[in-house]
Amino acid sequence: MKLLYSNILPLSIPEGQETFIDCFNEQIAKSNRVEIAVGYVSRAALEELDILVEEHNLSNICLTIGMYFKEGMPEGTYNIAIELDKKWKEAGIGEIRIVKAFTYHGKLYCFYQDGKPFSAIIGSANLGAIKMEASNRRQYEISSITDDTTECIEIAEFIERLKEQNCSSNIACIEGMPLIREVNASLSGIDRVTQITQTGVQLYEKHKTEVSFVLPLKVPANGERHMDDGKHFTKSNINVCYAAPRSKRKSRDWYETQLTVSKEITRSVGYPEKNNAFFVVTDDGYWFKAHTTSDGNKQFSAVGDELILGRWIKGRLVAAGLVTPVNDTQADTDRKGMITKEMLQAYGCDSLELSKTDQKALDEDGSELDVWVLSLKQQL
């Protein structure tokens, strides 16, 4: 038996042993098929596994995950897993499965060549151990590797049993698994924005009145993101960052948003009047001041910072692993950072819901402002 260490600190590795990462990389390099069954994964580990699958040209890969069906899966990890599962299935090389019949907390890695398992790792290391991050750098795990034929076959057979329909299903077919919303860090430490507790959010939810408006998020489909005809919202609304920059020397900020509201809504009874500020509390606990501006009060935005609303909307998608912020929008010629209908669908929203409460709060000058609740919703 050879022990594998997931971390070299604070203990040194005994002579003749090695790290989990080194061993895993060595074994996958010798393989054309890999079967993995673990309790938990991480976003970074999923991305690393995909890199290794491509680098070593694996013909078959299956990852079975065991602990999320009942306790919930972080949404960012889920979305990366869904994307990876789709990629592997389209390439005809494998899939990602979720154990649903029970909670599986084992950690098994089985490596194949020419249809036969030649080595296997068993121990305490979840998939996150293949990619060191700040969150697991001080986490110590112990595993062992075996090349005993009988042991490898037993481990391989067990993993195959986990893949049976009465135990697990392909992740794209899973229904009823709760998703854990991840914290939107894009608004943390931003001037003019504060946070309130979920208890506070629920309090304002209880004080909502019947005055409520649905503001659709107008974006292109993924296949339309280069259609700059003015009809597909590739350079307007929450994608206004792709419009012509105000200065040739500086691109628009990726978080810039200009939410344009239709006349049908702005002329409705109770819709906020032009330039009359009010407070909004978001469904995830952020608090800032907003107003409506422009002709016919068609622009809805935060007061004093045109990036705040974009940080709130796009930051949620970033936290969910659906898009990556773009540093230079002019350089993003493929428009990978453009928000699309597919991204919103994956997140489960296509609109904002702005609901007035019967509550007021004091502004800096002592005046009372109305409080509204702002939520991301699926309406269509």
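Predicted model: local features only at pLDDT ≥ 70, side-chain atom pairs only at ≥ 80, totals over all residues.
## A parallel pair of strands

Val38 stands opposite Ile65 in strand S4. Strand S3 (residues 33–38) and S4 are joined by 6 bridges, and the two run parallel.

## An antiparallel pair

Now look at strand S8 (residues 116–123) and strand S9. Here 4 bridges join the strands, which run antiparallel.

## Helix H4, end to end

Helix H4 runs through residues 75–91, which makes 17 residues. From its first C-alpha to its last, H4 reaches 24 Å, close to the 24 Å expected at 1.5 Å a residue. The buried residues of H4 are Glu75, Gly76, Thr77, Tyr78, Asn79, Ile80, Ala81, Leu84, Asp85 and Trp88. After H4 comes Gly92, which has a positive phi, near 75°.

Which residues of helix H6 are buried? In this helix (residues 198–206), they are Gly200, Val201 and Tyr204. They lie on the same side of H6, because they cover an arc of only 100° around the axis.

What do the buried residues of H6 pack against? Their partners are five strands that you can pick out in turn: S13 (208–216), S15 (278–282), S16 (286–293), S18 (351–362) and S19 (368–377).

Thr282 is found in strand S15. Is Thr282 buried or exposed? Thr282 has a relative accessible area of 0%, and because anything under 20% counts as buried, Thr282 is buried. The side chain of Thr282 makes a polar contact with the side chain of Asp284, at 2.5 Å. Setting aside neighbours within four places in sequence, Thr282 is in contact with Val201, Phe288, Trp312 and Leu374. One of these, Val201, is also among the buried residues of H6.

In soluble globular proteins, nonpolar side chains tend to be buried together. The largest nonpolar core in this model has 45 residues, and Leu215, Trp254, Phe300, Trp312, Ile339, Leu352 and Leu374 touch the most other members. The elements giving two or more residues to this core are S13, S15, S16, strand S17 (299–302), helix H8 (308–319), helix H9 (341–347), S18 and S19. Which element gives the most to this core? That is H8, with 6 residues. Apart from this core lies another, of 38 residues, among them Ile28, Ile96, Ile121 and Ala125.

Apart from neighbours within four places in sequence, Leu215 is in contact with Leu259, Val261, Ile265, Tyr271, Phe300, Ser351 and Leu352.

## An exposed glycine

To finish, find Gly189 in the loop between strand S11 (179–180) and strand S12 (194–195). Gly189 counts as exposed because its relative accessibility is 79%, and the cut-off is over 50%. Gly189 and Glu210 are 21 residues apart in sequence, and their C-alpha atoms are 33 Å apart in space.

Conventions. Residues numbered from 1 in each chain as written. Heavy atoms only, no water. Buried < 20%, exposed > 50% of the residue type's maximum accessible area, 1.4 Å probe, protein only. Arc of directions from axis to C-beta. Contact = heavy atoms within 4.5 Å. Polar contact = N/O pair within 3.5 Å; in protein donor to acceptor, adjacent residues only side chain to side chain. Expected span 1.5 Å × (residues − 1). Pairing = 2+ DSSP bridges. Core = buried A, V, L, I, M, F, W, Y, C linked by side-chain atoms within 4.5 Å.
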